[in-house]
Amino acid sequence: MDIQTGQVVQAPSPMESLEKQLSCPICLEMFTKPVVILPCQHNLCRGCASDLYDSRNRYHYSGGTFRCPTCRFEVSLDRHGVYGLQRNLLVENIIDLYKTQQEKKGDGGGGGEGDNRALDPPLKDRDAKEPLCTEHPEERINIYCLTCQTPTCSMCKVFGQHKDCEVSPLHAVYQSQKAELRAAAEALGVANGAAAATAARMEESCTALRDNAERQRRRLGESFDLLYATLEERKGQLLERLAQEEAEKVATLRSLVDGYKGHLEAGGRLKDTLTQSAERSGAAEFLQGAKELIRQARETAKGPGLERPEPGFESLEHLAVDTEAAQLLLARMDFRTPRGGEDVREDVREEEEEEEEEEE
C-alpha cells in the first residue's frame, strides 16, 4: 500500500520488470536498436547517445566526452564518436524476443494490461507526433516531469532545468491522467445525474405545491362561503323572531286602541243622551230616566277597564344581538395550527373576561 495515497499498489509483473530493465535512461522508452554499451556497463540507444554527445560537443570536434546519465561516469569517445562504442547484441536479442512474445500474446486475443500494451503502436512512432522542446528544438517532448508537473524532453532531464527532478515516460503519465480524467468524468456524470434527479424532484415538489395551494384556496373559499351561509341563515332566524315579536306587540296595541276607540264612541253617545235629557222641559219625564243616565255616565267615566301596556312595552332592546365575541373570534381566525380550536376559544374567553374586569 502507498503510504502517501493510501491506495493498494500491485507488485509489477515479470514482464513489466523486464520492460523496465530494457528502458533507455534518456528517452525512458524501450531501447531502440542499435543499442550501445558504455564502459560503465550501462546501455543507451545509439540515437540517444548521439543526441547526448552532440549536446556536449556543439562544434563536433573529433572525439569528446559525455557523462553516463545513470551513474555519471565520464565516457571518452575517439574520433568515431558514438559509433565507436560497442553494440550490446545481447540486449538487442532480448528486445527482439520480448517484442515477439508480446506480439504472440496480441495475436492470441488474450485480455489484460500486457495485451493492451502490445497492441499499442511503437513508442518511437508515438514520440514522432509529440511537439518539439522549446529549450532543445531538435528534441521532441517524450517525458513528463513529476516534480514540475510539465512535459519535457530527455535533454532537459540530463542537462536542463529538470536534471534533479523525478520524471516518468510521457505515455505512462498520459494513460494515468487519462484514466483519472475518465474517472472524474464518470464521477461528474454521476453528480450531474444526482443533480438532475434532485432538480426533477424539486420540479415535482413545485407542481405538488401549486396543486396543494390551489386546493387549499378552494377549501378556504368553501369554508368562508359556508360561514357566510351560516351567518345569513342565523340572520334570517333572528329577523323572523324580531318580526314575530313585533307583530304580537302591534296586535296587542291595536286591540287596546280599538277598545279605547269603542269606549270613546260609547261615551260620546252617552254624553249626547245626557245633554238631550237635560234640555227636556218636563220634570217628571227627566226624573224617570235621570238616575239610570247618571249611573251610566259614572260607569263610563271610570274608563273602559282595559289593561295598559307596561312602560317600555314598545322597546325591543332585548332583541339586540351581541356580535362582539363573534367579531373577535372572526378577527382571530387563522390557518390551522397544532393547537386545537378549543384552545383558541379558551384564549378568546380569557381575553374577554380580562376586558370585562378592566371595564368594571
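**Strands, salt bridges and cysteines of a predicted model**

Residue E74 is partly exposed, with a relative accessible area of 42%. Here, buried means under 20% relative accessible area and exposed means over 50%, with partly exposed in between; a 1.4 Å probe is used and protein chains only are considered. The structure is a predicted model, in which local features need pLDDT of at least 70 and side-chain atom pairs count only at pLDDT 80 or more, while totals for chains, interfaces and linings use all residues. Residues are numbered from 1 along each chain as its sequence is written, and side-chain values use heavy atoms, with hydrogens and water left out.

E74 belongs to strand β4 (residues 74-77), along which the side chains alternate. Helices (H or I, at least four residues) and strands (E, at least two) are DSSP runs, numbered from the N terminus. The partner of β4 is strand β3 (residues 64-67), and the two pair in the antiparallel sense over 4 bridges; two strands count as paired if DSSP finds at least two bridges between them. Within this pairing, V75 of β4 stands opposite F66. Together β3 and β4 make a hairpin with 6 residues between them, and R72 in the turn has a positive phi of about 65°.

E74 also forms a salt bridge with R67, their closest N and O atoms being 3.7 Å apart. A salt bridge is a side-chain nitrogen of Lys or Arg within 4 Å of a carboxyl oxygen of Asp or Glu. R67 is partly exposed, at 34% relative accessibility. By this rule the model contains 5 salt bridges. Another of them joins D96 to K33, with the closest N and O atoms 3.2 Å apart. Because D96 lies in helix α3 (residues 89-107) and K33 in the loop between α1 (14-21) and β1 (35-37), this pair ties together parts that are 63 residues apart in sequence. D96 is partly exposed at 31% relative accessibility, and K33 is partly exposed at 45%. E245 and K249 form a further salt bridge, with a closest N to O distance of 3.8 Å. Both residues lie in helix α7 (residues 170-278), 4 residues apart, or about one turn of the helix. K249 counts as buried, at 17% relative accessibility.

R46, in helix α2 (residues 46-56), presents another arrangement. R46 is buried yet has no salt bridge, and the nearest side chain of opposite charge, E92, is 6.7 Å away. Leaving aside residues up to four places away in sequence, R46 touches T32, P34, V36, V82, Y83 and R87, where contact means heavy atoms within 4.5 Å.

Another sheet is formed by 3 strands. It is open, has the order β6-β5-β7 and is antiparallel in its pairing. Since β6 (150-152) and β7 (167-169) stand at the edges, each with a single partner strand, one side of each is left without a neighbour in the sheet. Neighbouring strands of this sheet are turned by 35° against each other on average, direction ignored. Axes are lines fitted to C-alpha atoms, for helices over the stretch in contact, and angles run from 0 to 180 degrees between N-to-C directions. Strand β5 (residues 143-145) pairs with β6 in the antiparallel sense over 3 bridges, and T152 in β6 is the bridge partner of I143. Helix α7 packs on the sheet, touching β5, β6 and β7, and its direction makes about 85° with that of β7.

H162 is placed in the loop between α6 (154-158) and β7. H162 is buried, at 5% relative accessibility. Its contacts, not counting residues up to four places away in sequence, are C145, C148, T150, T152, C156 and K157. H162 and C145 are 17 residues apart in sequence and 7.1 Å apart in space, C-alpha to C-alpha.

The cysteines complete the picture. The structure holds 0 disulfides, a disulfide being a pair of cysteine sulfur atoms within 2.5 Å. C24 is in no disulfide, and the nearest cysteine sulfur, that of C48, is 3.8 Å away; C24 is buried, with a relative accessible area of 1%. C156 is likewise in no disulfide, the nearest cysteine sulfur being that of C153, 3.6 Å away. C156 counts as buried at 2% relative accessibility.

Key. Lys, Arg positive; Asp, Glu negative; His and termini not counted.
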